[in-house]
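Please open the model in the viewer and follow the stops below in order. Each stop gives a selection and then describes what is found there.

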Amino acid sequence: MASLEISPLRTLIAVSEAGSLTAAAPRLFLSQSAVSEQIKKLEDCVGQQLLLRSKAGVTPTASGLQLLEHARRITAMADEALLDLRGESLRGRIRLAVTDYFKPGLLARMLKQLAHIHPGVRMEVSVLRSVEVHAAVSSGLSDLGLVMSLDSAQTQLQPMGSSEALVWASAPGWQQAGPLPLLVLPQSCALHQLAIRELEKRAIAYEIAHQASGVAGLQSAIAAGLGVACINASALGEGVVQVPAGLNLPGLPRVWFGLLPAKGEEPELLGQVRALLLQQWSF
């Protein structure tokens, strides 16, 4: 009977997070051909195609996504067993500031897994606007900052997973009449600035119809049919849909979620938790 091995499962996770075999290879300290061999070995084992390959990179198939869920649990349990036997379970308090654009379901999963593997770590989480996350980390009020960035290289962001699409969002069936009613967060928000910049570049008439204080308020304003907003695709949900292409709004770039870089040498606990978040719980 065929059996799943840990190493190819870790490779599948890394490739899915990196978006390509080439990008995953350095993370795994393997050559691209070795990464490709491990994926083929895994596909042969399960008897199904796990990744769709294109010039832009790779995306998991339905079977790939299904196996990824198992892979994350299996590798997490293997790591937990090893740490337990070595007596290396982490202990201490970490303050994590997270942008409110981040997926709440994924955040809950990350924290649950961390608590399961390292019950001695107390994670204190604050959900803030990205500019506030930067300020909290800079001032020492937070130990780690998870933000959204339009340019991961420019901010030296440590990306957690692949990039995500930005979209124009509205309530289902919303129809425009007159200047585009734009829904935004405060002016310090990068997506506020991006939306206005792209609309003005295309000479599209608009007016600020509503300014929310956070993403939850912005989602409520969209669902209420007050207008259109620029948000990340994972922020779409009940009562919030992508604007139909026929509205002819400007194309939007992709964004990254990730951790702000370390400020000099970090305490051992903080460095280990940072590594765990980047290696184990990327999406």
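In which sense, right-handed or left-handed, does H1 pass H2? The crossing of H1 with H2 is right-handed; a crossing is left-handed if the near helix is turned anticlockwise from the far one by less than a right angle, and right-handed if clockwise. The model is predicted, so that local features need pLDDT of at least 70 and side-chain atom pairs count only at pLDDT 80 or more, while totals for chains, interfaces and linings use all residues. Residues are numbered from 1 along each chain as its sequence is written, and side-chain values use heavy atoms, with hydrogens and water left out.

**First stop: H1 and H2**

Select H1 (residues 6–18) and H2 (residues 21–28). Helices (H or I, at least four residues) and strands (E, at least two) are DSSP runs, numbered from the N terminus. The axes of H1 and H2 come within 8 Å and cross at roughly 125 degrees. Axes are lines fitted to C-alpha atoms, for helices over the stretch in contact, and angles run from 0 to 180 degrees between N-to-C directions. H1 and H2 are therefore oblique to each other; angles under 35 degrees count as roughly parallel, over 145 as roughly antiparallel, 65 to 115 as roughly perpendicular and the rest as oblique. Contact (heavy atoms within 4.5 Å) joins residues of H1, including Arg-10 and Glu-17, to residues of H2, among them Arg-27.

**Second stop: H3**

Next, display H2 with H3: their axes come within 8 Å and cross at roughly 100 degrees, which makes H2 roughly perpendicular to H3. Leu-21, Thr-22, Ala-25 and Leu-28 of H2 meet Gln-32, Val-35 and Ser-36 of H3.

Select Tyr-101, Cys-189, His-192 and Cys-230, which are among the residues lining the largest cavity. On a 1 Å grid over the protein atoms alone, a cavity is a set of points where a 1.4 Å probe fits but cannot get out, and lining residues have an atom within 4 Å of a point. The volume of the largest cavity is about 50 Å³. H7 gives the most to this lining, with three residues.

Methods:
On a 1 Å grid over the protein atoms alone, a cavity is a set of points where a 1.4 Å probe fits but cannot get out, and a pocket is an open set with protein on both sides within 12 Å along at least five of seven lines; lining residues have an atom within 4 Å of a point. Grid points are joined across faces, edges and corners, and a volume is the space filled by probe spheres set on the points.
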